[in-house]
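Me: I would like a close look at one part of this protein. Please take a single helix and its surroundings, and walk me through them.

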Amino acid sequence: MDHSGHGMTMDLPPFTLGRGLQWSADPFFLVACLAGLALYGWGVVRLLRRGDKWPVGRTVAYVIGVLSIVLMMCTRLNDYGMVMFSVHMVQHMVISMVSPILILLGAPITLALRALPTAGRGRKGPRELLLMFLHSRYMRIITHPAFTIPLFIASLYGLYFTPLFDTLMGSKAGHIGMMVHFLAVGLVFFWPIMGVDPGPHRPGYLMRMLELFAGMPFHAFFGIALMMASEPMVETFKNPPASLGIEALSDQNAAGGIAWAFSEIPSVLVLVALLFQWYASDQRQARREDRAADRDGDKELEAYNAYLSSLHARGN
């Protein structure tokens with residue numbers, strides 16, 4: 001017997017990690033992830049062939065980020081996620097919070113801008129179109145904190161606590177659209193905060209941290225609300241298949257615990273990345289100042305010393 005017309009069988013055996021990690025590819029996500037890896041690989045190879053360098057760490061972060069999507073959507077975790085709230089919540093948290101951070105650490109936009117050839121004068125090629133898109137009014141709006149933070153919050157409360165979630169889970173296209181939405185929301189939320197790729201908004205490090213912590217508590221509150229509920233709150237997961245051997249309320253409590261715990265993971269990841277960036281930025285600034293001092297013989301210091309000498313002479 002099918003569940004919600006997805007071809008997911010209702011007689012899934014009780015969940016174990018081994019069963020969850022068995023291969024069960026969703027064609028849409030498999031093709032999209034392979035395309036993403038291929039395009040990124042093309043960009044890296046193009047840079048290396050012309051003698052440019054590309055940090056290995058960025059490539060590793062991007063690949064792991066894409067593979068994390070494959071893990072969530074192309075294994076039986078996706079099958080179990082259709083009937084188990086707890087497994088679905090793992091999918092949601094990874095795709096909206098872990099995958100975007102890793103993908104953004106890979107700096108795909110920077111890679112594209114460096115790898116794509118420039119079109120001739122007066123012409124618009126892929127690189128020029130990408131630059132126009134990055135500087136468009138649309139991008140300024142959807143990457144602004146006044147838009148991203150409410151969207152990040154609404155993707156939890158506005159989805160799970162309304163009939164919209166059940167509607168989307170009722171069709172394969174709706175389910176795919178919901179997962180793509182989770183990824184997109186994570187990308188636009190963390191993009192200006194990570195600050196690795198160029199974008200319309202480049203806030204300072206302190207402001208980035210404030211933006212990060214403005215959104216994370218709502219994840220924790222959402223998790224607590226699920227954990228404290230005395231009855232199942234989402235229609236889709238009210239009657240889990242008997243073959244799973246689970247009870248809807250306890251599975252919902254587990255989903256709440258996962259949502260609550262995951263609110264800490266991206267906070268730590270992003271905070272560590274920001275501190276490293278901040279340190280690296282200070283180091284680069286110090287090196288620039290040292291080079292400037294070497295070039296001009298440290299005229300600023302000499303001028304200051306001369307000023308002190310004049311004050312001393314006046315005092316005498």
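Reply: Buried here means under 20% relative accessible area, and exposed means over 50%. The model is a predicted one. With that cut-off in hand, take helix α5.

Helix α5 covers residues 85–105, 21 residues in total. From first C-alpha to last, α5 reaches 29 Å. That is close to the 30 Å expected at 1.5 Å a residue. Yet α5 has a kink of about 35°. The kink is centred on Val-94. Just after the helix, Ala-107 takes a positive phi of about 50°.

How many residues of α5 are buried? The count is 19 of the 21, so α5 is largely enclosed by the rest of the structure. For the protein chain, 43% of the 316 residues count as buried.

Now look at a neighbour. Met-179 sits in helix α11, residues 172–194. Its relative accessible area is 0%. That is under the 20% cut-off, so Met-179 is buried. Which residues does Met-179 touch, leaving out those up to four places away in sequence? They are Phe-29, Met-73, His-88, Gln-91 and Ile-95. Take Ile-95 from that list. Met-179 and Ile-95 lie 84 residues apart in sequence. In space, their C-alpha atoms are 7.4 Å apart. Across the protein chain, consider contacts between residues at least 6 apart in sequence: 77% of them join residues at least 24 apart.

Next comes helix α6, residues 108–115, which holds Thr-110. Thr-110 has a relative accessible area of 17%. Because buried means under 20%, Thr-110 counts as buried. Leaving out residues up to four places away in sequence, Thr-110 touches Trp-54, Arg-58, Val-196, Asp-197 and Pro-198.

For contrast, go to the surface. Met-228 belongs to helix α12. Is Met-228 buried or exposed? Its relative accessible area is 66%, over the 50% cut-off, so Met-228 is exposed. Met-228 is part of a nonpolar surface patch of about 610 Å². An α-helix has 3.6 residues a turn, so residues three or four places apart point the same way.

Last, the wider setting. The protein chain has 15 helices and 2 strands. It exposes about 16600 Å², and carbon and sulfur atoms supply 66% of that area.

Technical notes
Residues are numbered from 1 along each chain as its sequence is written. This is a predicted model: local features need pLDDT of at least 70, side-chain atom pairs count only at pLDDT 80 or more; totals for chains, interfaces and linings use all residues. Side-chain values use heavy atoms; hydrogens and water are left out. Patches are made of residues with over 30% relative accessible area and no salt bridge: like charges are joined within 9 Å, nonpolar side chains (Val, Leu, Ile, Met, Phe, Trp, Tyr) within 5 Å. Accessible areas come from the Shrake-Rupley method with a 1.4 Å probe; for residues, only the protein chains shown count as cover. A salt bridge is a side-chain nitrogen of Lys or Arg within 4 Å of a carboxyl oxygen of Asp or Glu. Helices (H or I, at least four residues) and strands (E, at least two) are DSSP runs, numbered from the N terminus. Buried means under 20% relative accessible area, exposed over 50%, partly exposed in between (1.4 Å probe, protein chains only). The expected span of a helix is 1.5 Å times one less than its number of residues. The bend at a residue is the angle between axes fitted to the seven residues ending there and the seven starting there. Contact means heavy atoms within 4.5 Å.
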